[in-house]
Amino acid sequence: LESPVNLKNGKAIVPYTPELINGTNTLEAIAINKANIESSKKTVKITKEGKFNTSLYVVAVGINHYENESLNLNYARADAEGFLKLIKQKSRSLFDKVETIELMDEEATKEKIFERLNVLSKVIKPQDVLFFYYAGHGSMVEDKFYFVPTDNVKLYSEDKLKKNAIS
């Protein structure tokens with residue numbers, strides 16, 4: 001934390017109110033002074049009683065149709081839709097809330113995939129589950145794997161993959 005420090009009897013006091021989840025929470029703190037010298041770590045465990053409210057978030061991507069038609073597939077979209085159907089049927093009893101996001105074919109651009117993940121990053125809590133399901137082309141160049149969204153036009157062009165694919 002970089003907040004104002006109040007000194008009281010030679011001790012620094014930095015107010016902080018953590019968001020606790022049900023169960024055991026582990027809080028760790030260190031202090032670093034102006035000379036960049038680090039204190040020893042202090043650990044505190046706090047248990048909060050109550051029921052876990054857990055949500056399942058599923059982002060399913062299925063791409064049959066690519067901008068480059070020579071990359072088109074036959075069953076990727078059906079695989080993603082089948083997976084979502086199964087998740088919806090079987091997970092309701094396990095989670096308090098199940099939210100699914102489908103990005104199929106032309107909707108499955110790099111920009112839209114990252115946009116949906118960014119929105120979820122602001123609402124997902126530590127006790128929640130995020131499942132990312134991808135059915136479509138992937139590509140390996142050098143030692144790096146890429147998910148190939150619908151708007152990428154080349155499978156093995158490192159320049160195109162770096163710009164338009166997801167690694």
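## About the model

This is a predicted model, in which local features need pLDDT of at least 70, side-chain atom pairs count only at pLDDT 80 or more, and totals for chains, interfaces and linings use all residues. Residues are numbered from 1 along each chain as its sequence is written, and side-chain values use heavy atoms, with hydrogens and water left out.

The pLDDT, the predictor's confidence in each residue from 0 to 100, averages 90 over the protein, and 95% of the residues score at least 70. Strand β5 has the highest confidence, with a mean of 97, while strand β1 (residues 6-8) has the lowest, at 68.

## Overall layout

The protein holds nine strands and three helices, where helices (H or I, at least four residues) and strands (E, at least two) are DSSP runs numbered from the N terminus. Along the sequence they follow the pattern β-β-β-β-β-α-β-α-β-β-β-α.

The radius of gyration is 23 Å, whereas a compact globule of 167 residues would have one near 15 Å. This radius is taken over C-alpha atoms, and the globule rule is 2.2 Å times the number of residues to the power 0.38. Along the principal axes, the C-alpha atoms fill a box of roughly 75 × 45 × 25 Å. Of the 167 residues, 28% count as buried; buried means under 20% relative accessible area, exposed over 50%, and partly exposed in between (1.4 Å probe, protein chains only).

The buried residues of α1 are Ala76, Ala80, Phe83, Leu84, Ile87 and Ser91. They cover an arc of only 100° around the axis, which puts them on the same side of α1; the arc is that of the directions from the helix axis to the C-beta atoms. As a reminder, an α-helix has 3.6 residues a turn, so residues three or four places apart point the same way.

The buried residues of α1 pack against β5 (55-62), β6 (97-104) and β7 (129-135), with contact meaning heavy atoms within 4.5 Å. On the other side of α1, Lys85 and Gln89 are exposed.

## Two nonpolar cores

A nonpolar core is a set of buried Ala, Val, Leu, Ile, Met, Phe, Trp, Tyr and Cys residues joined through side-chain atoms within 4.5 Å. The largest one has 19 residues, of which Val61, Ile63, Tyr66, Leu103, Tyr134, Val148 and Leu161 touch the most other members. Strands β5 and β6 and helix α2 (110-121) each give this core two or more residues, and β5 supplies the largest share, three residues.

Leaving out residues up to four places away in sequence, valine 148 touches Ile63, Tyr66, Tyr134, His137, Gly138, Ser139, Leu155 and Leu161. A second, separate core of 10 residues includes Leu56, Ala60, Ile87 and Met104.

## Two loop residues with positive phi

Most residues other than glycine have a negative phi. Asparagine 36 is not a glycine, yet has a positive phi of about 65°. This asparagine sits in the loop between β3 (23-29) and β4 (42-48) and counts as exposed because its relative accessibility is 61%.

Glutamate 142 also has a positive phi, of about 60°, although it is not a glycine. Glutamate 142 lies in the loop between β8 (138-141) and β9 (144-147), and its 67% relative accessibility makes it exposed.
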